[in-house]
Amino acid sequence: MAKSEGKVNGATLMARALKQQGVQYMFGIVGFPVIPIAIAAQREGITYIGMRNEQSASYAAQAASYLTGRPQACLVVSGPGVVHALAGLANAQVNCWPMLLIGGASAIEQNGMGAFQEERQVLLASPLCKYAHQVERPERIPYYVEQAVRSALFGRPGAAYLDMPDDVILGEVEEAAVRPAATVGEPPRSLAPQENIEAALDALQSAKRPLVIVGKGMAWSRAENEVRQFIERTRLPFLATPMGKGVMPDDHPLSVGGARSHALQEADLVFLLGARFNWILHFGLPPRYSKDVRVIQLDLSAEEIGNNRQAEVALVGDGKAIVGQLNQALSSRQWFYPAETPWREAIAAKIAGNQAAVAPMIADDTSPMNYYRVYRDIAARLPRNAIIVGEGANTMDIGRTQMPNFEPRSRLDAGSYGTMGIGLGFAVAAAAVHPGRPVIAVQGDSAFGFSGMELSHKNP
Ligand code: ADP
């Protein structure tokens, strides 16, 4: 790449800024005008993984972000490349996962002329992400990358978009003219007021049929140690959401996963930990919940509190920090949820009944195999540290119940947006981030068809 003495071009500045902000992986498809960025990124030590379709590249970038805890990058060409990648931008945003999409764009000096792949990309990306901006001069690249990464990572995580026109990628500036930017640190972990901590524990203590719901916000928050300590200490029954699975191991004796509907319907108090009352949790409303169910809600996002269902106690802030506060406050209380209660007995009976109901299907050796019979063989071969990607309709739903997760951030699926096509992009990202762990993608045939060509990757 051409670079005169003392000068640096936009591609190199972009690669350096990404490296500075902790980007380790870049998933993409190269072509005009972003080839120099992919080359520069690799020169800076960023792992570049070429994909078959921009959708998969954008899915991979967000899975890598979720798994590493830092925004990872997706690099795509202008126009149609960006349009394809918008699918991933939206999916990340709805999942509350960070990611950074970098879209090539036709040269600023050709704006409006009908340039090759010219598109109003910032306009298209804006409603689908937290932050979208065009970089108009090479010397401001570090500034915009810092702002995009910070926007994606801080507060409720989400997607960010940066538009890189051809003339900015190739534009050369004096090194001295480049404005340096600060490195984005770890997201602040804000605490809840102590009185709300005590109020939450009082409410839990007063419940007859309490239920803790562990969502993927806790997985993102890396709260597994705190949540495990909290559940062990309080002995409260808990239910994991699909991607909250593994924050607590699925085979934990306090898991009510085997009696999900019953637990939701009959609980008199639900403690929502980093999960939303959206369609996945049936909006928190009857008939899937009791009409009088009380709610304690822990969420990073204050706007989420009371959504669809009023919360009696709100704990606004970081999941790991606040569950740590709860554990601390519990040290001055004797209370734990008793070992023998009608609620525990009812749940245990329901779990046993549900297991008995599916047992014949698991044992059924007739051909063609039913879902449960397939999962019998898969589950028997899954190591405890497996990362499981589940995608499809029945394949995903039944797979969720039949393939256990034992570690946090070990299940990736269609998520809050219900996106089909995520599977192989997620699997490629998981294999890249965790090369030592087995990654198993179990997809329905339709789901596989969305991104089947991504199978052609060499192991990243
Ligand atoms: P699930 O699909 O597991 O039910 P959702 O995606 O619906 O989970 O909800 C996750 C929630 O977690 C979001 O409302 C988000 O604001 C919240 N969240 C994200 N990060 C954190 C964090 N660090 N601490 C607490 N809550 C968080």
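Gln297 sits across from Ala314 of strand S13. This is a predicted model, so to speak: local features need pLDDT of at least 70, side-chain atom pairs count only at pLDDT 80 or more, and totals for chains, interfaces and linings use all residues. Residues are numbered from 1 along each chain as its sequence is written, and side-chain values use heavy atoms, with hydrogens and water left out.

S13 covers residues 313-316, and its partner is strand S12, residues 294-299. The two run in the parallel sense, with 4 bridges; strands pair if DSSP finds at least two bridges between them. Helices (H or I, at least four residues) and strands (E, at least two) are DSSP runs, numbered from the N terminus.

Which residues of S13 lie on its covered face? Val313 and Leu315 do, while Ala314 and Val316 are on the uncovered one. In a regular strand, side chains alternate between the two faces of the sheet.

Now for the backbone. Most residues other than glycine have a negative phi, and most peptide bonds are trans.

| Cis peptide bond | Omega |
|---|---|
| Phe32 and Pro33 | about 0 degrees |
| Pro286 and Pro287 | about 5 degrees |

Pro33 is in the loop between strand S2 (25-28) and helix H2 (35-43), and Pro287 is in the loop between strand S11 (269-273) and S12.

Cys96, not a glycine, has a positive phi of about 60 degrees. At 37%, Arg235 is partly exposed, meaning between buried and exposed (over 50%).

Terms used. Buried means under 20% relative accessible area, exposed over 50%, partly exposed in between (1.4 Å probe, protein chains only).
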